[in-house]
Amino acid sequence: MKTNNAPVLVLDKVSKSYGQGMAVKDVSLSIRENEFFALLGPSGCGKSTLLRMLAGFETPTAGSIYLDGRDISPMPANQRPLNLMFQSYALFPNMNVRDNIAYGLEMERLPKDEIAQRVDAMLETAQLRDFARRRPDQLSGGQRQRVALARALIKRPRVLLLDEPLGALDKKLRGKMQLELKRLQHESGITFIMVTHDQEEALVMADRMAVLKDGEVSQCGSPNDIYENPRSRFVADFIGVSNLIEGQRISNDQVDAGGHRLKIEPTAALVSGNVALALRPERLQVLGGESPRCDNEVDGRVVEVAYHGLDTNLHVHTPVSSKPLIVRVPSSQHEFTTFTTGMPIRLGWNAQHARVLAC
């Protein structure tokens, strides 16, 4: 189901303080209908506190939270049309899958026929029909997660809140469940808001995301926009991997880095003085005899080779940066060249691929 531009949840200058400390500072966000939205940031950035305020477990010190235009800030958690799914899943160990999923509807005292019909439909959607009679201890981690999601979704909340939903799974299963979670969100049409510290997870799953630092929103936008166009050094460094080349802006289209003049886009943000060029590893090219010329070219020496299967990361010492530049070389290119520690290498990149940020 596609998102539209209608906001379902609006945070208006929301803050939360504990004594003298501010966990969340003046956060304003608008989350759309049927959107998968991620709150992302390092530990202690305020993302979990923000989620708890949405759920009603914490009360904002200042600001308001609107759901469909109604201020729900003073509303108790049990009266809000939102569900929160915890990382631990919190399934009832003495109940089978079917009874776990039906529990919330039974507490609402809905007719038995309606409960049975809705549980059957949810078992089908979550691909759990073959496990309906099993107890949680007879399920895999991924299956338990789907049961917890099904139990939350069956109540048809206006918004589903997820706190590190994949944190308990191993890496391979996490990748599979990322796609599974997106499928369930797409089919249910419910707005999902997910808290995670995992950048890759947010990039894969979210329609939009907000990157938080010290309780404030550093940047909000689509994964592609935030990855390709970070607006701060923190965002560039936190989302994915970035090479940060420090220098002095000397003209509209040039930066001096270690005595080397590097070309930048004339339309780059007008940041003057000390700047950092953010350059993704995949934007750097290893240049050979027949390689096309780049706007910027620099000689270096390989100091480390890290093989990752699909690609190889080269750490290259160059005169433009005190730290080695990381270059991502696809395996298809690596087939024809053997990279070794100590070998000389020439790197290149075009001006359009570097983001000019304030230091």
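Is Q178 buried or exposed, and at what relative accessibility? With 8% relative accessibility, Q178 counts as buried; buried here means under 20% relative accessible area, exposed means over 50%, and partly exposed lies in between (1.4 Å probe, protein chains only).

A quick note before the views. This is a predicted model, where local features need pLDDT of at least 70 and side-chain atom pairs count only at pLDDT 80 or more, while totals for chains, interfaces and linings use all residues. Residues are numbered from 1 along each chain as its sequence is written, and side-chain values use heavy atoms, leaving out hydrogens and water.

**View 1. The whole protein chain.** The protein chain has 9 helices and 20 strands; these are DSSP runs numbered from the N terminus, H or I of at least four residues for helices and E of at least two for strands. Along the principal axes, the C-alpha atoms fill a box of roughly 75 × 50 × 35 Å. Of the 359 residues, 47% count as buried. Take the contacts (heavy atoms within 4.5 Å) between residues at least 6 apart in sequence: 66% of them join residues at least 24 apart.

**View 2. Q178 and its surroundings.** Look for Q178 in helix α5, residues 171-188. Leaving aside residues up to four places away in sequence, Q178 touches L166, E201, V204 and M205.

**View 3. Helix α4 against helix α5.** Helix α4 (residues 141-153) packs on α5 at an angle of about 20°, and their axes are 11 Å apart. Axes are lines fitted to C-alpha atoms, for helices over the stretch in contact, and angles run from 0 to 180 degrees between N-to-C directions. So α4 and α5 are roughly parallel to each other; that label covers angles under 35 degrees, with over 145 counted as roughly antiparallel, 65 to 115 as roughly perpendicular and the rest as oblique. On the α4 side you'll find G141, G142, Q145, R146, L149 and L153, meeting L173, M177, E180, L181, L184 and S188 in α5. Sorted by class, this contact has 6 nonpolar, 4 polar and 2 charged residues. Nonpolar means Ala, Val, Leu, Ile, Met, Phe, Trp, Tyr, Cys and Pro, charged means Asp, Glu, Lys and Arg, and the others, Gly among them, are polar.

**View 4. Helix α2 against helix α3.** Here α2 (residues 97-107) and α3 (residues 112-125) pack at about 130°, with axes 10 Å apart. That makes α2 oblique to α3. From α2, V97, R98, I101, A102, L105 and E106 meet I115, A116, R118, V119, D120, M122 and L123 in α3. By class, that contact has 9 nonpolar, no polar and 4 charged residues.

**View 5. The sheet with β20 at one edge.** An open sheet of 5 strands runs in the order β13-β12-β11-β14-β20, with antiparallel pairing; two strands pair if DSSP finds at least two bridges between them. β13 (260-263) and β20 (355-358) stand at the edges with a single partner strand each, so one side of each has no neighbour in the sheet. The twist averages 45° from one strand to the next. Strand β14 (residues 274-279) is joined to β20 by 4 bridges, and L277 stands opposite V356 in β20.

**View 6. The sheet with β18 at one edge.** Another open sheet of 5 strands has the order β15-β19-β16-β17-β18, and the pairing is antiparallel. Its edges are β15 (285-286) and β18 (325-330). Within it, 6 bridges join β16 (residues 296-307) to β17 (residues 311-317). V302 stands opposite V316 in β17.
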